[in-house]
Amino acid sequence: MKKFRTSKGLIGVVLVALILIVGLFAPVFIPPEAATAMNMTARLSPPTWDHPFGTDQLGRDLFYRVMLGTQTSLKIAGAAVLMSIVIGLPLGMISGYAGGRTDNVLMRLVDTLLAFPALLLALTISAILGPNLQNTIIAIGIAFTPYLARIVRGEALRVAQMPYVEAARSSGTTDVMILTRHILPNIMPAVIVQGTISLAFAILAEAGLSFLGLGTQPPAASWGLMIQASRDYLDIAPWTALVPGLAVALTVLGLNMFGDVLRDVLDPRSK
Amino acid sequence: MKRRDFLRNSTALIGGSVVVSSAMFMPTALLAQDTPVTGGTLIWGHSETTQNLDIHQTGTASSSRVLQNIHNSLVTVDENLGVIPQLAESIDVSDDGLTYTFTLRSGVLFHDGSPMTSTDVKYSFERVKDPATGAVSFEVFNNVASIDTPDDLTVVITMSSVNAPFLSRLAENGAGAIIPVGSGDTQGTTPMGCGPFKFARYEVGNVVEMERFDEYWDGPAYLDRVLAREISESTTRLTGLRTGELHMINDIPLDRVGEIEADPNLQVVSWFPLNFDFVNMNHNYEPFQDARVRIAFDMIIDKEALMQGALWGQGATSPSAGYPSAASYNTDLVQRPQDIEGAKALLAEAGYPEGSLNIVFKATTNYPYHIETAQILVEWFRMAGVNLTIEQLTWADWLSQCWIDRDYQMTMMNFFALWEPDYLFYSVWNSTGAFNYRGVNDPVIDELTERARGTVDDAERAEVYKAVQQQIFDEAHDIVLWFRNGTIGAQPNVMGLDTVVHPNGSNLNFHKVWLAA
Amino acid sequence: MSLTYVLNRLLSVILTLFLITLVTFGVTNILPGDVAMMIMGTQSNPEAMAGLRASLGLDDPLIVQYGRWVGGMLTGDWGNSLIFRQPIAVLLGEKIAASAIIVVMSMTIALSLAVPLGVWAAVHRDKWQDTTSSSAALLGVSLPDFFWGIVMILVFARWLGWFPSSGFVDPAEDFMGALRHAFLPSLALGLGLMAHLTRMTRSTMTGILEQEFIRVARAKGLAERVVVWRYGLANAIGPVITIAGLQVGYLFGSIIVMESLFNYTGMGWLTYQALLNRDMPLIQATVFVIAAVVMLTNLLVDLLYLAIDPRIRLD
């Protein structure tokens, strides 16, 4: 646990904890209307005592919006990453463990998907499915799956060659048993690390999709949506972009730092 | 508490209601002018990307705005929206309304130097009429039985039945644009006609360049060239104008118009109306089959506050979509004032008590102010016990879901202010109209709009259209919100801007525009 | 380098390219709506639209359309964009050239920042310099690149007025103008890239500095600066450039948003326009080209790596 005591580890842990707290508790203390209530006499107001982070083009309080937006962003990113793990994990494990033709076919598919930039993939899927919360999750989840499958496959390949797996196989243990008892626990650290880092990318992807109008729907508060709306008011009200931008930055920064440290802790090879 | 804040604050804004005349209002500085000089390249920051350049096919305002300068039409409209000849010299309509005889102007040249004759007119009209061309205005020629060309300068069109709006429809939307015989296939890439400017260059997404056509029949334009630079980001366009990179821009961001108007170093031309907006309810969706529900929804909306909120005051509310200065505009109508309690009662009476209606509102990101409108509506509808959920759609998705598949509950759209009443009321509200994407099916409107087509007397026709507007309003088939202003911002040395906006309010015409030293 | 490996690799690339055409074609045909609808907008009526659809060849069976597309590509006839009415081959040429400026420029910016920063961090491993450098790198990846874009517009175009905030200028017409217009989007992209590359440089350099020949060089009494830059970096630069090559895919994803933001009309902009307008032939062409470029750079990088370091396992 020494690794967590480096300044980077500390910052990462603090940031992630902070964001989780805000994400969990902001909706408890702030009523949902606070993020959508408009005030036409205070449009694009700079930060003041009443509105510590200023207001947007419809006079909505940016402090409330950014606080409530935390949960939206975390929910989407979390669900998308979970989805990519649920699909990518078995895919990668089977591919790496079975090898041969199965591996070849699966990896050719993964390669094909990897040739499309993740954002382009998410953009197209979102255009096909139509914009709403679930579809945003699906779009990001699918776009991230090939990356996860690739990593899992590599790990599974490595673990499958370990002597104790060979031993289990020669003693007649079924493949399903080997996969769940021996391989899965050994690749989990890598999956957790990759998951944390993917979470950071998923938050960026959600922001990107919302920015193009394909993600979260208004009037719900989401960071990407807030940045998108700020585009037209940049030069007269820069805070409308800076507030959600900083929220994204701190979250992703925290997750990345946390992920780095997690890797050092969980993955003995990276020492 | 927050809800009331919104209401109070927004109504507080309505103190001075916006007074807009249907004529253009111009900065006084422009009234004193020297004599025009020839020369110079005008750089115009165009708000949209130009696409298909075929004037007969394209239905997008962006392309028409540019093509207006390359093409001329057989007939056009004057400031009072009367149909006047353009490439025709005179028009003769037979008493039974079935035969139109056009005498063409002599000496009109196409950009390739060839003279325009009756065969070109016949070719152009037959091209539009042919469904295989995919022309937006093809139905204009539905009743046309034959197009004859007795000599080079005479065109005779015979109709199978009376179609009173025929001439005014010809003046709209490129229906009457004349292109040289055989040029149809190349119009999409290299448009050519007999307008004041020749097409020079098109760089996809960047620029359309036009140069003066010296042999233009109505006298050559002043400008050597017009460079339409495509800049879709509105704040970027504004910055370009501020830094002097651009001579003029169309569509000043709504929230910045006041600021630019106050700037002594820039001119603003604004005109009214550019387009109208209305909230649509799908008539095939069960709750909206009951007029009480539609009327209640109308009562939930405070149009003036909504206009201030979404348009930053750049428009004027209107109970009817009829063209404000047209003789057929129904001036007796008054928008329903906001009455949340009344709306709740009416909804309950119709069988929809508070909390029982959950409605998806589809709005397109193509018009950012539609998204703002929708967000404000959500708040009011919540107060009235109706749960509104917004779905943002790209333009393609809006067109395919709402326009073509009619798969929506509520949405909103804008149309360019259509001064031609048949085009407007028949297309949008007749049950068989081409733009009836709401599934409006009202026998009264069907009968009236059909009757108007056969009514040759103008005053009598105007009365029929007033009755149509009354019926639309009484039944709240749609909730008409407002007419939006059009705006142009320009450097002080751009002259002749009072002529740039076509009377139809959407096209720009650079024939009489010039640059002072 | 084993020849069979290279051949195998090439074969699998061709197979993947074929799969890409299938995926691209399949996906574009699931997209709701079509280009006839987009051309006519809210002025359409069913009969006219049917006519337009037929004249654009949208009514042909899918297998015919697919065959026409793949056949056309093989014979060099890429067809016309339906929305812009221009030959796709010409459009692609124009827009790839425009994007190439941004790709090269952002790579240059990223490498010239990342290499010194990464080396600096590796030399002072686990000291404050390391923390500073990796924090800076993390900050770079932590912001969405479109947010960097917005900040660039705000600072360099609006407030300082040093660079134009949008647009593309043809370098053949105005070379300096072209560079000035490409600079802000490149900088915004470069910052994100820089972050990845700094981390890579750091870890590669760390590994190299621990190796025997560096210890020998130090023992010989060579100045530390010479040891690090001449011996250390010379060995690290290969892998770093390889990694940079692998980022081309990431770059092509990012330019979609970035070019739209800066109104810079390159490949990213064209792809997005094609998608927005349901211009099937153009979507197919742009997406295929992007996927192919990504695939081929990856292949090139692989082979390069193999040529540099023959110890790589051939599996």
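Predicted model: local features only at pLDDT ≥ 70, side-chain atom pairs only at ≥ 80, totals over all residues.

Analyst: Residues are numbered from 1 along each chain as its sequence is written, while chains are lettered from A and ligands numbered from 1 in the order in which they are written.

User: Ok, chain C. How many helices and strands are there in chain C?

Analyst: Chain C has 13 helices and zero strands. Helices (H or I, at least four residues) and strands (E, at least two) are DSSP runs, numbered from the N terminus.

User: What box do the C-alpha atoms of chain C fill?

Analyst: Roughly 85 × 60 × 35 Å, taken along the principal axes.

User: And how much of chain C is buried?

Analyst: Of the 315 residues in chain C, 47% are buried. A residue is buried if 20 or more other C-beta atoms lie within 10 Å of its own, exposed if 12 or fewer, and partly exposed in between, with C-beta atoms placed from the backbone.

User: What about contacts in chain C between residues 24 or more positions apart?

Analyst: They account for 71% of the contacts in chain C with a separation of 6 or more. Two residues are in contact if their C-beta atoms, placed from the backbone, lie within 7 Å.

User: Let's pick one helix. How many residues of helix 12 of chain C are buried?

Analyst: Nine of the 10 residues in helix 12 of chain C, which covers residues 267-276, are buried. Among them are C:W269, C:L270 and C:L275.

User: What follows helix 12 of chain C?

Analyst: C:R278 follows helix 12 of chain C and has a positive phi, near 55°.

User: How do helix 11 and helix 12 of chain C cross?

Analyst: The axes of helix 11 (residues 248-261) and helix 12 of chain C come within 7 Å and cross at roughly 90°. Axes are lines fitted to C-alpha atoms, for helices over the stretch in contact, and angles run from 0 to 180 degrees between N-to-C directions. The two helices of chain C are therefore roughly perpendicular to each other. Angles of 65 to 115 degrees count as roughly perpendicular, under 35 as roughly parallel, over 145 as roughly antiparallel, and the rest as oblique.

User: Which residues meet there?

Analyst: On the helix 11 side of chain C they include C:I255 and C:M258, and on the helix 12 side they include C:M267 and C:W269. By class, that contact has six nonpolar, three polar and one charged residues. Ala, Val, Leu, Ile, Met, Phe, Trp, Tyr, Cys and Pro count as nonpolar, Asp, Glu, Lys and Arg as charged, and the others, Gly among them, as polar.

User: Switching topic: how many residues do chain B and chain C each give to their contact?

Analyst: Chain B gives 38 residues and chain C gives 38 residues. Helix 11 of chain B supplies the largest share of the chain B side, seven residues. That side divides into 17 nonpolar, 18 polar and three charged residues.

User: And how many residues of chain B are in contact with chain A?

Analyst: 25 residues of chain B are in contact with 19 residues of chain A. Helix 10 of chain B gives the most to the chain B side, with seven residues. By class, the chain B side has nine nonpolar, 10 polar and six charged residues.
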